[in-house]
Amino acid sequence: MAKGFRQKIRQKNTENSGFGDNASGRFINKDGLPNVRKKGVDIFKRFSWYHTMLDLSTFQFLSYLVVAYIIVNIFFALIYFLIGVEHLTGIDKSNDVNEFIDVFFFSSQTFTTVGYGRIAPVGFTASLVATFEAFLGLLTFAIATGLFYGRFSRPRAYLKFSDIMVIAPFKEGLALMFRLAPYKNNALTDAEVIVSTAIQVVEKNVPKTNFYTLKTQLSKINSLALNWTIVHKIDEDSPFYGFSEEDFKNTDIEIIVHLRAFDEVFSNTVVQRSSYVSKEIIYGAKFIPMYYPDKENLSTVLDLSKINDYQKADLPVFEEEQK
């Protein structure tokens, strides 16, 4: 274990992390959500379907809507089929397949309140089912419209974090670095980042997690238009002071990133989180620049495909002397 690691254990760790010292596993997933499984309450109370639908990807959201639409229409088509196709006018009764296809499309027309008129219910039971389905369709499409609006109007940071962190030379010393960049055409200002780390230690043969705030060279910028490389200098005030490459590999470390910025379009504050663990830290490397001027020198090109690009870097010799 590195000397700086033992030094930090004797110091008071951060108590406002929001996590307990005996929590296990990764604290924050790569998508920024807490890695917490809740139990003790009913599953329908434990999950918010509204938040779940808003957090789905566009492909998942549309897929759920299409699948739900098909399942609902199959369900009502079965009801009409069991009631009897004689209670519906305009049905092709040549065979069972054609009958079911007709009642399925009648269900979809009723559910969407289109009602072309070729097929119509006859009798109380079929009319009652059609009335309820039309009512259910109105409610469903109202909810779907609200979800669509909520997804489009929800303020988001739209930031892409590098998949890795690097230990790079910095001002005749070492620094822990990662970078992020906006990937949409939104305008973010007053961006502020808070970086903390969770380090698992063993005290009296009992595993425990200590939390520390990592001081960054620049914690706030006025405008986030290009990529931003967050730099934490590893000096005497850093919990990683004296860490060797083996220490970073063998110590259970998680670095938690919390970024807050103001979106000018939404006129609202947006927040995004991410985290890095030991295996995502590359020792002795530095990032390659990811933006450059265009051919006419009239604008700057930000190449987001290079956000994880790095090259090997020689670390200062004095680092070996500190071990």
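How are helix 4 and helix 5 oriented to each other? In this predicted model, the axes of helix 4 (residues 58–83) and helix 5 (residues 96–111) cross at roughly 120°. Angles from 65 to 115 degrees count as roughly perpendicular and those over 145 as roughly antiparallel, and the two helices are therefore oblique to each other.

## Helix 4 against helix 5

Two packed helices are described by the angle between their axes and the distance between the axes. Here the axes of helix 4 and helix 5 come within 8 Å, and the crossing is right-handed.

On the helix 4 side, the contact consists of Tyr69, Ile70, Val72, Asn73, Ile74, Phe76, Ala77, Leu78, Tyr80 and Phe81. Helix 5 contributes Asp96, Glu99, Phe100, Val103, Phe104, Phe106, Ser107, Ser108, Thr110 and Phe111. By class, the residues of this contact are 14 nonpolar, four polar and two charged.

## Helix 5 and its surroundings

Helix 5 is 16 residues long and spans 22 Å from its first C-alpha to its last, close to the 22 Å expected at 1.5 Å a residue. Its buried residues are Glu99, Asp102, Val103, Phe104, Phe106, Ser107, Ser108, Gln109, Thr110 and Phe111.

What do the buried residues of helix 5 pack against? Their partners are helix 4, strand 1 (88–89), strand 2 (120–121) and helix 6 (124–153).

## Helix 4 against helix 6

Helix 4 also packs with helix 6, at an angle of about 175° and with the axes 11 Å apart. This angle makes helix 4 roughly antiparallel to helix 6.

From helix 4, the contact includes Thr58, Phe61, Leu62, Leu65, Tyr69, Asn73, Phe76, Ile79, Tyr80 and Ile83. From helix 6, the residues are Thr125, Ala126, Val129, Ala130, Phe132, Glu133, Leu136, Phe141, Leu147, Phe148 and Arg151. The contact of helix 4 with helix 6 comprises 16 nonpolar, three polar and two charged residues. Tyr69, Asn73, Phe76 and Tyr80 of helix 4 take part in the contacts with both helix 5 and helix 6.

## Positive phi in two loops

Thr113 is not a glycine, yet has a positive phi of about 60°. The residue lies in the loop between helix 5 and strand 2. Thr113 counts as partly exposed, because its relative accessibility is 45%.

Asn297, also a residue other than glycine, has a positive phi near 60°. Its loop runs between strand 14 (291–293) and strand 15 (300–302). With a relative accessible area of 60%, Asn297 is exposed.

Definitions and conventions:
Residues are numbered from 1 along each chain as its sequence is written. This is a predicted model: local features need pLDDT of at least 70, side-chain atom pairs count only at pLDDT 80 or more; totals for chains, interfaces and linings use all residues. Side-chain values use heavy atoms; hydrogens and water are left out. Axes are lines fitted to C-alpha atoms, for helices over the stretch in contact, and angles run from 0 to 180 degrees between N-to-C directions. Helices (H or I, at least four residues) and strands (E, at least two) are DSSP runs, numbered from the N terminus. Angles under 35 degrees count as roughly parallel, over 145 as roughly antiparallel, 65 to 115 as roughly perpendicular and the rest as oblique. A crossing is left-handed if the near helix is turned anticlockwise from the far one by less than a right angle, and right-handed if clockwise. Contact means heavy atoms within 4.5 Å. Ala, Val, Leu, Ile, Met, Phe, Trp, Tyr, Cys and Pro count as nonpolar, Asp, Glu, Lys and Arg as charged, and the others, Gly among them, as polar. The expected span of a helix is 1.5 Å times one less than its number of residues. Buried means under 20% relative accessible area, exposed over 50%, partly exposed in between (1.4 Å probe, protein chains only).
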